[in-house]
Amino acid sequence: MFGNLDTGDEAHKYITIEKAAKDYPISKLCTLFKVSRSGYYAFLKRRGADRDRDAKALVKKVYEQYNGVYGYRQIQLFLQHDHGVWMNLKRYSDSCRSWESAHKFAGNIAATMLPLRKVVWRKIC
């Protein structure tokens with residue numbers, strides 16, 4: 001039923017314990033999977049909580065307020081100037097990762113002007 005007990009991270013073990021808790025006592029399952037009971041209960045408590053929910057909403061609001069034109073540096077300045085919130089790059093990128101429209105970087109792409117003034121995008125290797 002449980003398969004190999006040594007594989008997977010702790011979150012995987014906690015999920016397996018949660019599924020098996022209907023049939024077996026939690027203390028025995030935690031001993032079997034070599035995790036602490038307090039860790040299991042902490043996992044259950046924090047699983048549904050999103051600590052950055054407000055930050056994500058604020059970043060999305062500012063991003064949409066400026067029509068998605070500006071990059072992370074400018075949005076970071078707008079957050080500080082308009083709302084008095086300073087957010088470092090990691091937290092900003094984590095909050096952007098949750099919604100699809102967040103900064104789709106083009107990668108190594110450059111624009112080249114042709115004689116007819118048409119912009120052609122080409123991949124730079």
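What percentage of the 125 residues of the protein chain count as buried? I looked this up before anything else, bearing in mind that the model is predicted, and found that 22% of the residues count as buried. The accessible surface of the chain comes to about 9700 Å², and I noted that 53% of that surface belongs to carbon and sulfur atoms.

Next I went through the secondary structure, which consists of 6 helices and 2 strands, in the order α-α-α-α-α-α-β-β along the sequence. Among contacts with a separation of 6 or more, I recorded that 32% come from residues 24 or more positions apart.

I then turned to helix 4 (residues 53-65) and helix 6 (residues 89-97), whose axes lie 9 Å apart and pack at an angle of about 80°. Angles of 65 to 115 degrees count as roughly perpendicular, and the two helices are therefore described that way. Helix 4 contributes Ala55, Lys56 and Val59 to the contact, while helix 6 contributes Arg91, Tyr92, Asp94, Ser95 and Cys96; by type I list these residues as 4 nonpolar, 1 polar and 3 charged.

My last entry concerns the aromatic rings, for which a search of the whole structure gives 6 pairs. Tyr66 and Tyr70 are edge-to-face, at 5.8 Å centre to centre with 75° between the planes, and Tyr70 is partly exposed at a relative accessible area of 34%. Tyr66 and Phe78 are stacked, at 4.0 Å centre to centre with 10° between the planes; this pair joins the loop between helix 4 and helix 5 to helix 5 itself, across 12 residues. Phe78 is buried, with a relative accessible area of 15%. I also noted one aromatic cluster formed by Tyr14, Tyr40, Tyr41 and Phe43.

Key:
Residues are numbered from 1 along each chain as its sequence is written. This is a predicted model: local features need pLDDT of at least 70, side-chain atom pairs count only at pLDDT 80 or more; totals for chains, interfaces and linings use all residues. Side-chain values use heavy atoms; hydrogens and water are left out. Axes are lines fitted to C-alpha atoms, for helices over the stretch in contact, and angles run from 0 to 180 degrees between N-to-C directions. Helices (H or I, at least four residues) and strands (E, at least two) are DSSP runs, numbered from the N terminus. Angles under 35 degrees count as roughly parallel, over 145 as roughly antiparallel, 65 to 115 as roughly perpendicular and the rest as oblique. Contact means heavy atoms within 4.5 Å. Ala, Val, Leu, Ile, Met, Phe, Trp, Tyr, Cys and Pro count as nonpolar, Asp, Glu, Lys and Arg as charged, and the others, Gly among them, as polar. Buried means under 20% relative accessible area, exposed over 50%, partly exposed in between (1.4 Å probe, protein chains only). Accessible areas come from the Shrake-Rupley method with a 1.4 Å probe; for residues, only the protein chains shown count as cover. Rings of Phe, Tyr and Trp (its six-membered ring) pair if their centres lie within 6.5 Å; planes under 30 degrees apart count as stacked, over 60 as edge-to-face and the rest as tilted.
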